[in-house]
Amino acid sequence: MNTTHHAICHFIRALYQSSEFIPLHAPKFTGNEKAYVTDCIESTFVSSIGKYVDQFEQMVAQTTGAKYAIATVSGTTALHIALKLAGVTAGDEVITQPLTFVATCNAIQYCGARPVFVDVDRDTMGMSPASLLSFLTNHTRQSGTECINRTTGKKISAVVPMHTFGLPCRIDKIAEICAQFNLQLVEDAAESLGSSYRGKHTGTFGLCATFSFNGNKTITTGGGGMIITNDAAFAKRARHITTTAKVPHPYEFIHDEIGYNYRMPNLNAALGCAQMEVLPKILKSKREIALAYADFFSRSPLHFMEEITHARSNYWLNAVILDNRVTREEFLKELNTAGIMSRPAWHLMNELVMFRDCQCADLSNAKWLEERVVNIPSSAKIT
Ligand SMILES: *Cc1c(COP(=O)(O)O)cnc(C)c1O
């Protein structure tokens with residue numbers, strides 16, 4: 001094994017005090033998880049109605065500083081509804097970044113819209129305000145209050161930046177640009193619960209944002225998601241449409257539009273409430289781990305990704321930058337063979353078969369990162 005990789009393996013084993021397989025990210029259930037889930041089962045209210053759903057929503061609203069939070073069955077469904085209610089309709093286009101999880105683009109497509117890709121910044125791995133501004137300036141025109149893509153003639157309705165691996169992107173600049181071009185800002189904050197920029201939680205810079213509570217995220221509900229917003233009418237519609245658009249009535253089934261069965265079950269929310277209680281501890285541990293990595297990698301040839309000035313990352317998944325594709329492959333092979341899980345970033349969205357013909361700005365930073373980024377073990381250490 002390459003001596004640098006050997007030292008990294010040694011460091012990670014010492015960090016996690018383990019000689020066994022070290023996963024990339026394992027959930028931690030050290031609080032009231034069993035008690036709340038058991039209580040939920042005993043109450044018989046295991047589906048979409050119950051006190052834990054409301055409580056979980058309140059906890060997320062409080063932590064993020066958003067006025068309203070609406071719990072859903074997944075981060076993907078949260079994004080679908082967020083985009084739909086932001087006004088994304090069939091035939092529209094939505095600007096996003098190519099370096100993201102496929103759910104971002106799938107949700108755009110569920111609305112009948114197509115993604116348009118702008119580049120990311122190398123230091124945040126999130127949407128580049130410069131690339132966004134350049135694309136909008138050179139390729140769009142304003143028609144009334146609409147932003148029209150001059151190449152395709154289609155309406156661009158929203159922009160979806162993503163806070164990659166928990167590192168906040170330059171979201172204040174992106175919000176300014178969206179306002180300037182009449183575009184709705186929908187943050188995919190799936191990976192960034194607990195992250196903030198200039199003292200404001202990620203997901204609170206635009207109309208709305210979404211989180212994911214999948215098993216590998218910072219906290220988990222098994223599967224789950226959340227929409228947050230400060231807009232009362234938006235929140236009301238989001239709650240309505242995610243619960244089959246059922247009009248409140250003591251016994252009759254009246255639905256006033258096509259709705260979705262997207263509401264988070266109480267059973268999942270029970271787990272979520274317990275996880276939210278432990279969130280501060282999880283974040284503290286993740287920051288300590290990131291600091292230890294930063295210190296270690298400052299004495300190694302590899303670059304460790306850190307939060308930019310004014311940003312506070314939750315350090316959901318720690319990431320290092322390798323020299324090139326070849327050294328990345330060697331790194332992945334050696335660490336995984338040694339029982340230390342490491343993983344490359346996603347294939348770029350614009351290279352997947354479904355999105356291959358989507359319009360792209362110059363994506364050289366995304367390409368550069370895709371060839372070099374590797375995630376390394378990042379589980380919180382709490383007992
Ligand atoms: C996890 C994730 C989602 C949503 O995932 P679900 O599995 O549907 O909860 C969306 N976007 C990004 C960037 C993600 O990492």
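In this predicted model, helix α6 (residues 129–139) packs against helix α7 (residues 171–180) at an angle of about 15°, and their axes are 9 Å apart. Helix α6 is therefore roughly parallel to α7, since angles under 35 degrees count as such. The crossing of the pair is left-handed. On the α6 side, the contact is made by P129, L132, L133 and L136. Helix α7 contributes K173, I174, I177 and Q180. By class, this contact has 6 nonpolar, 1 polar and 1 charged residues.

Helix α2 passes α9 in a right-handed crossing. Residues E33, Y36, V37, C40 and I41 make the contact from α2. From α9 come N266, L267, A270, L271, C273, A274, Q275, E277 and V278. The contact of α2 with α9 has 10 nonpolar, 2 polar and 2 charged residues.

For E191, a polar side-chain atom is 2.5 Å from a ligand oxygen. An N or O atom in the S212 side chain lies 2.6 Å from an oxygen atom of the ligand. In K217, a polar side-chain atom is 3.2 Å from a ligand oxygen.

Technical notes
Residues are numbered from 1 along each chain as its sequence is written. This is a predicted model: local features need pLDDT of at least 70, side-chain atom pairs count only at pLDDT 80 or more; totals for chains, interfaces and linings use all residues. Side-chain values use heavy atoms; hydrogens and water are left out. A crossing is left-handed if the near helix is turned anticlockwise from the far one by less than a right angle, and right-handed if clockwise. Helices (H or I, at least four residues) and strands (E, at least two) are DSSP runs, numbered from the N terminus. Contact means heavy atoms within 4.5 Å. Ala, Val, Leu, Ile, Met, Phe, Trp, Tyr, Cys and Pro count as nonpolar, Asp, Glu, Lys and Arg as charged, and the others, Gly among them, as polar. A polar contact is a pair of N or O atoms within 3.5 Å; within protein, one must be able to donate a hydrogen and the other to accept it, and residues adjacent in sequence count only if both atoms are side-chain atoms. Axes are lines fitted to C-alpha atoms, for helices over the stretch in contact, and angles run from 0 to 180 degrees between N-to-C directions. Angles under 35 degrees count as roughly parallel, over 145 as roughly antiparallel, 65 to 115 as roughly perpendicular and the rest as oblique.
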